[in-house]
Amino acid sequence: MLYALFIHGSPFQTKACHSALSFAKTIIASKEHQLKGVFFYQDAVLIGNRFNQCPRDEFDIQAAWQTLSKDYGIELTLCIAAAVRRGIISESESERYELESASLASQFQLEGLGTFVSFMNDCDKIISFK
Amino acid sequence: MTAFETLLDQEGYLIKLEDWSEELTSYLADQEEIILTDEHWEIIFLLRDFYQEYEVSPAMRPLVKAVSKKLGSDKGKSIYLMQLFPGSPAKLIAKLAGLPKPANCL
Amino acid sequence: MGKTLIHITSSPYTGLAVKEALDLAMVLATFEQDVDLAFSGAGIALLHQNQSPDESQGKALYKMLASFEFYDIDNLYLPESQIPKEGIEITSLASSLSELEWKDMLTRYQHTFRF
């Protein structure tokens, strides 16, 4: 089965991003399932802020997602509207809003909710994490 | 001319909704090389009323429905709006009407 | 393509959750997906008549809700048992469902998103 994950819980106030990460790893490890991509919405987009500084002795959830994305070519997409209002800004959005810098972490990209709609159409199952 | 420019963001949308005037719409239409007729103004005012009532700039499909409901099905067609406002009518009309860019049509 | 239910259980003005849930509904509808909305718990507050949030409390989401007819989002449900008692009227846009109808409704969707 083809899956996509829809995460909308904050990486700081909830374990949504953590649970989704284990789910993603399980899909990747299985033979009969595939992961199409991961869409972050609402406060979950905060995971894509490259200025986040995780204390050294804590689990770095952002880095864990980046590693998964790099190792397995998993697309990590943040909703552009949700991200921009929370200060998660790509290079091109930084130019559009005439800002001094960008804050989007590597391996993450900003896309409209339309991308999520195409996940819904392409996948057998969407799993939500809030 | 520059007085209007200071009210706009980089893409030409009005920054503060309360700064709108009919003169601003005419200025923006000039920039877009659109000659405003009564048919244009009718749609622009319809969109301003829509925003007043619902606090949202509609995307194309709901816009067409709203036009159809208020002005009849002859005008409530994408092709009619495309002729008046070529390209992306929902974005262009919002811009001319001094309203926020419709979200999620990126 | 199956239908999608957006189930709103959070209070409309305590955070952005409901605003962003409605945004999702509008985008889905714009992309021609079949969307219904359900309200329960604190989410029912969005259906109250005569709301007047000020600017700092957030956008007037009930106005946004009224525009949904233009998006072909025609079904707004709430459970009959949670209709507020005296003094509060619920918008006529929403239809109330008996306990059985509510349970049945919840099973009819391919996708359900709760906010």
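Here are a few friendly points on how the chains of this predicted model meet.

1. Start where chain C meets chain A. On this interface, 19 residues of chain C are in contact with 17 residues of chain A. Together the two chains bury about 1500 Å², with 62% of that area on carbon and sulfur atoms.

2. Next, look for charged pairs across the interface of chain C and chain A, where there are two salt bridges. One of them can be found by eye: A:R86 pairs with C:E20, and their closest N and O atoms lie 2.9 Å apart.

3. Which elements of chain C each supply at least two residues of the side that touches chain A? They are α1 (17-30) and β5 (111-114). The largest share comes from α1(C), with eight residues. Sorted by class, this side of chain C holds ten nonpolar, five polar and four charged residues.

4. Now turn to chain A and chain B. Here the contact takes seven residues from chain A and five from chain B. The area buried between these two chains is about 460 Å², 51% of it on carbon and sulfur atoms.

5. The interface of chain A and chain B has one salt bridge. To find it, look for A:R96 and B:E11, whose side chains meet at 2.9 Å, N to O. On the side of chain A that touches chain B, α3 (80-85) and α4 (91-96) are the elements giving two or more residues. That side has three nonpolar, one polar and three charged residues.

Methods: Residues numbered from 1 in each chain as written. Chains lettered and ligands numbered in written order. Predicted model: local features only at pLDDT ≥ 70, side-chain atom pairs only at ≥ 80, totals over all residues. Heavy atoms only, no water. Contact = heavy atoms within 4.5 Å. Buried area = accessible area lost by both parts, 1.4 Å probe. Salt bridge = Lys/Arg side-chain N within 4 Å of Asp/Glu carboxyl O. Helix = DSSP H or I, 4+ residues; strand = E, 2+ residues; numbered from the N terminus. Nonpolar A, V, L, I, M, F, W, Y, C, P; charged D, E, K, R; others polar.
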